[in-house]
Amino acid sequence: MAGTTPASAEPATRPETPFHDLDHYVAMPRLSGLALSPDGARLVTTVATLNGKGTEYGSALWEIDPAGQAPARRITRSAKGEAGAAFAANGDLYFTSARPDPDKPDEEPVNALWLLPHAGGEARVALSRAGGVERVITAQKADATFVQASVLAGSTDEADDEARRKGRKEAKVAAILHSSYPVRFWDSDLGPAQPRLFAVERSAAEPEPGKPTTVDAEPALELRNLTADIGPALRFGEAHASPDGRTIYASVSKPLAKGDLRSELVAIDVASGTRRTLLSEDRMDYTAGPVSPDGRTVAVVVEPHTTPTSAYRCEVHLLDVETGQLRRLAPAWDRMPHPEAWLPDGSALLVTADDAGRSPVFRLDPASGEATAVTQDDAAYTDVLVSPDGAAAYALRSSYLFPPEAVRIDLATGETTRLGNPVERPEVPGRLEEVTATAEDGTPLRAWLALPAAPEGKQSPEGGKHPLLLWIHGGPIGSWNAWTWRWNPWLLAAQGYAVLLPDPALSTGYGQHFIDRGWGRWGAEPYTDLMAVTDAALQRGDLDPERTAAMGGSFGGYMANWVAGHTDRFRAIVTHASLWALDAFGPTTDMALYWAKEMDEAMMQANSPHHSVGEIRTPMLVIHGDKDYRVPIGEGLRLWWELLSASQLAADDEGRTPHRFLYFPDENHWILQPQHAKVWYGVVSAFLAEHLLGEERQLPKELGL
């Protein structure tokens with residue numbers, strides 16, 4: 001993997017596409033989130049851009065014309081960035097930012113609540129607190145604003161919380177004393193702070209009598225804690241305000257025996273702060289969804305707890321808040337919907353759901369129970385919002401051909417129009433096709449195939465066939481159906497590789513049976529499905545069966561490890577944040593309570609890749625971040641040691657091995673820092689080039705090798 005040909009040398013001319021140069025790739029702006037004003041006239045998104053040093057992304061709010069006539073315009077700008085846009089009922093725009101308060105330049109900035117008036121002008125701090133603000137929630141039809149913010153568990157009020165934070169900071173104490181589970185989540189250490197829901201209200205303190213001020217001076221705001229006694233229960237849930245602002249519906253965690261949890265649905269009365277449990281049942285999780293326009297119905301995501309013999313399920317139910325009646329919506333529809341928004345008249349709920357490698361918008365009719373696809377293109381939709389007249393919806397849309405972009409959807413025809421976005425679509429270096437296959441048990445299978453651009457008028461590259469990369473998605477409950485910045489096939493397609501993106505057993509979008517057939521059988525149907533789709537793809541005349549590699553992260557990394565121990569058909573394997581020894585992984589992952597319900601001891605032993613280390617004869621690139629709490633670093637460390645000590649390519653008498661270990665001390669389950677993303681792709685490219693192309697490429701110079 002060492003040589004003299006740089007993999008990311010500075011180009012002499014403009015690269016053919018942004019995917020031909022890593023500096024250009026990481027600099028591509030990225031959209032996330034949407035907010036729509038109550039009158040439907042303003043649409044706001046968040047755009048992340050790379051800073052001048054190329055070491056982190058900063059975000060800003062942009063306004064998009066819902067009519068598609070005017071170009072997008074930036075409405076916030078600061079070094080700290082802005083996010084979390086939410087419109088108030090009067091059209092004011094709230095957001096969060098850690099930029100300095102111009103009225104208090106000597107105070108240390110925190111993530112405060114800011115307000116951009118609907119009539120225009122500069123944004124101002126609406127409210128600031130020592131622990132910052134995490135999220136803004138507004139009511140659709142009332143002057144009611146709420147925030148989620150964290151307090152130290154022992155705090156009695158806001159002043160006490162500020163004093164306790166100051167004490168910990170000055171004493172340089174980071175210790176946390178736990179009395180419950182979990183203690184970590186993805187890449188975050190939980191505690192000692194706990195989230196609370198607050199009502200944002202006018203301060204009861206009287207202004208100084210007669211003190212001169214300008215005509216635009218606003219009354220001071222303060223927070224009223226609605227959930228002072230809730231403990232850590234809001235850490236993983238959702239919260240939605242009723243349109244009249246009188247009630248908040250939230251999902252809360254209830255601790256159970258032996259470290260288990262379940263999620264309940266509660267209603268919080270805003271006036272009194274009293275909390276009432278609406279849904280609570282053993283071995284069942286309830287997550288709050290949007291509230292109907294008349295306030296009488298709440299969409300609820302219902303997820304029964306799994307067992308080693310009962311696979312994951314996800315359903316949308318409707319809760320009548322007056323009678324307490326709960327009924328499943330569209331019970332005959334075999335998909336897993338995510339509730340997005342109600343139509344203004346309450347006649348239907350719009351949802352998104354994975355569906356055969358796409359994720360369309362669907363209309364669910366509460367009266368008939370029917371599910372109807374609204375969008376018909378090969379794309380995935382998120383952040384769906386509905387115009388006040390119910391004629392259109394707005395959403396972010398992406399596919400493997402383009403990153404997220406804001407669109408308008410005609411709800412009568414399903415026609416989708418790209419709006420004037422802050423960013424133009426990038427040109428991808430190739431084309432996208434579908435591959436179909438049949439599993440060993442006769443189940444239909446499919447995959448996306450990203451192919452490099454071929455010479456004009458030809459389907460295959462000059463002088464041969466494309467090497468093939470099998471990419472295995474994580475989850476495993478998931479699908480390759482939307483743009484991804486972390487695993488982007490076009491970076492490899494730009495180098496001449498074809499990238500296969502299959503959905504094996506356990507993938508979503510193919511019905512419950514497709515998940516059931518792989519449940520507790522990770523090394524069986526998911527593996528044989530992957531091999532069947534790979535075999536089908538290699539029947540094409542433009543792919544080279546002698547030059548293939550397998551790659552995956554998280555569950556995809558698990559599958560890459562399993563592949564390594566059960567076939568030598570691939571020339572190289574890349575395994576990122578991967579599960580290796582399932583018995584050790586289970587108790588050390590951040591949410592062991594879920595894993596304990598997924599596989600029994602016999603299943604763990606039968607499906608654990610580490611038992612087959614002695615059969616591995618394929619060079620492996622192991623990648624792991626030390627701050628990964630979902631798949632702890634111990635999995636990567638053990639995998640690396642056992643590859644060097646027990647695989648067919650173990651270190652020789654001089655310590656040499658073709659295996660490699662790319663370790664990130666300060667990254668987590670994902671490689672998020674842009675400079676590290678460049679290193680990731682640079683090392684992966686060099687490893688693949690060595691073993692598939694017979695080329696030596698210089699490793700990223702930042703590695704110091």
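Student: Where is Ser 685 found?

Tutor: Ser 685 is found in helix α11, which covers residues 674-693; helices (H or I, at least four residues) and strands (E, at least two) are DSSP runs, numbered from the N terminus. Keep in mind that this is a predicted model, in which local features need pLDDT of at least 70 and side-chain atom pairs count only at pLDDT 80 or more, while totals for chains, interfaces and linings use all residues. Residues are numbered from 1 along each chain as its sequence is written, and side-chain values use heavy atoms, with hydrogens and water left out.

Student: Is Ser 685 buried or exposed?

Tutor: Ser 685 has a relative accessible area of 4% and is therefore buried; buried means under 20%, exposed over 50% and partly exposed in between, with a 1.4 Å probe and protein chains only.

Student: Which residues is Ser 685 in contact with, leaving aside its neighbours within four places in sequence?

Tutor: Its contacts (heavy atoms within 4.5 Å) are Leu 492, Gln 495 and Arg 697, once those neighbours within four places are set aside. With Gln 495 there is also a polar contact between the two side chains, at 3.0 Å. A polar contact is a pair of N or O atoms within 3.5 Å; within protein, one must be able to donate a hydrogen and the other to accept it, and residues adjacent in sequence count only if both atoms are side-chain atoms.

Student: Which other strand pairs with β33, and over how many bridges?

Tutor: Strand β35, residues 498-502, pairs with β33 in the antiparallel sense over 4 bridges, and here Trp 448 stands opposite Leu 501 of β35.

Student: Which residues other than glycine have a positive phi?

Tutor: Among them is Leu 506, with phi near 90 degrees; it sits in the loop between β35 and α4 (512-516), and it counts as buried because its relative accessibility is 0%. Another is Arg 283, whose phi is near 55 degrees; Arg 283 lies in the loop between β19 (275-279) and β20 (284-291), and at 42% relative accessibility it counts as partly exposed.

Student: Where are cis peptide bonds found?

Tutor: One joins Tyr 181 to Pro 182, with omega about 0 degrees, and this proline is placed in the loop between α2 (158-170) and β12 (184-185). Another joins Gly 191 to Pro 192, with omega about -5 degrees, and Pro 192 is in the loop between β13 (188-189) and β14 (193-202).

Student: How do helices α5 and α6 pack?

Tutor: As a general idea, two packed helices are described by the angle between their axes and the distance between the axes. Helix α5 (residues 525-537) and helix α6 (residues 555-566) pack at about 75 degrees, with axes 11 Å apart; axes are lines fitted to C-alpha atoms, for helices over the stretch in contact, and angles run from 0 to 180 degrees between N-to-C directions. α5 and α6 are therefore roughly perpendicular to each other, a term for 65 to 115 degrees, whereas under 35 is roughly parallel, over 145 roughly antiparallel and the rest oblique.

Student: Which residues make that contact?

Tutor: From α5 come Pro 526, Tyr 527, Leu 530 and Met 531, and from α6 come Phe 555, Met 559, Trp 562, Val 563 and His 566.

Note on methods:
Two strands pair if DSSP finds at least two bridges between them.
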